[in-house]
Structure formats: C-alpha cells, structure tokens
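Please have the model open while reading.

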Amino acid sequence: LEAKKDETLLSVREAARSIGVTPGRIRQLIVEGKIKGRRVGPRFWLIPESELKPFKEPSGIGRPRSGAT
C-alpha cells in the first residue's frame, strides 16, 4: 500500500468513527479487500483517508445509519 505523501493515515478506530461503523466492520472491510490498509505490528492497521471516501457518500440503499438525520 502506497499512501500519497501528504495523505492522512487513520487508525481502525478513527476510520470507523469517520464513516459511522464499528472498528470490527473496518477490519472486516480490510479482510474483504474493500478497504486497503497497511498492517503495522501484529494488530494495528493504518488506513489512508482516501480509502474511506466511497463509504462516506450515502448510497440511498438500506436503512439510515444510526444517528443520521
């Protein structure tokens, strides 16, 4: 994974908060290949902020996310 020079890298927890899901869901998306991340150590991931862009845009399908207005 090559992040752009000035791109922000997020932890799993920060990425989850950013798109309104749980950290477990972020890990699941990484395993499924839907989000690219870099493993740092045995349990820590860094995710480029740009990888989350498709998940921030509402798809209009399904139930609204909790807390969405």
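A nonpolar core is a set of buried Ala, Val, Leu, Ile, Met, Phe, Trp, Tyr and Cys residues joined through side-chain atoms within 4.5 Å. Buried means under 20% relative accessible area. The model is predicted.

## Nonpolar core

The largest nonpolar core has 12 residues in all. They are Leu10, Val12, Ala15, Ala16, Ile19, Ile26, Leu29, Ile30, Ile35, Trp45, Ile47 and Leu52. Helix H1, helix H2 (23-31) and strand E3 are the elements that give two or more residues to this core. H1 gives the most, with four residues.

One member, isoleucine 30, touches Ile35, Trp45 and Ile47, leaving aside residues up to four places away in sequence.

## Sheet

Three strands form an open sheet in the order E1-E3-E2, with antiparallel pairing. Strand E1 (9-11) and strand E2 (38-40) stand at the edges. Each has a single partner strand, so one side of each is left without a neighbour in the sheet. On average, neighbouring strands are turned by 35 degrees against each other, direction ignored.

E1 pairs with strand E3 (residues 44-48) over three bridges, in the antiparallel sense. Leucine 9 stands opposite proline 48 in E3.

## Serine 11

Serine 11 lies in strand E1. Is serine 11 buried or exposed? Its relative accessible area is 13%, under the 20% limit, so serine 11 counts as buried. Not counting residues up to four places away in sequence, serine 11 touches Phe44, Trp45 and Ile47. Trp45 and Ile47 also belong to the largest nonpolar core.

## Helix H1

Helix H1 (residues 12-19) packs on the sheet and touches E1 and E3. The direction of H1 makes about 95 degrees with that of E1. Glycine 20 follows H1, and its phi is positive, near 75 degrees.

Which residues of H1 are buried? They are Val12, Ala15, Ala16 and Ile19. Seen down the helix axis, the buried residues of H1 fall within an arc of 100 degrees, so they line one face of the helix. An α-helix has 3.6 residues a turn, so residues three or four places apart point the same way.

What do the buried residues of H1 pack against? They pack against E1, H2, E3 and helix H3 (53-56). On the other side of H1, Arg13 and Arg17 are exposed.

Key: Residues are numbered from 1 along each chain as its sequence is written. This is a predicted model: local features need pLDDT of at least 70, side-chain atom pairs count only at pLDDT 80 or more; totals for chains, interfaces and linings use all residues. Side-chain values use heavy atoms; hydrogens and water are left out. Two strands pair if DSSP finds at least two bridges between them. Axes are lines fitted to C-alpha atoms, for helices over the stretch in contact, and angles run from 0 to 180 degrees between N-to-C directions. Contact means heavy atoms within 4.5 Å. Buried means under 20% relative accessible area, exposed over 50%, partly exposed in between (1.4 Å probe, protein chains only). The arc is that of the directions from the helix axis to the C-beta atoms.
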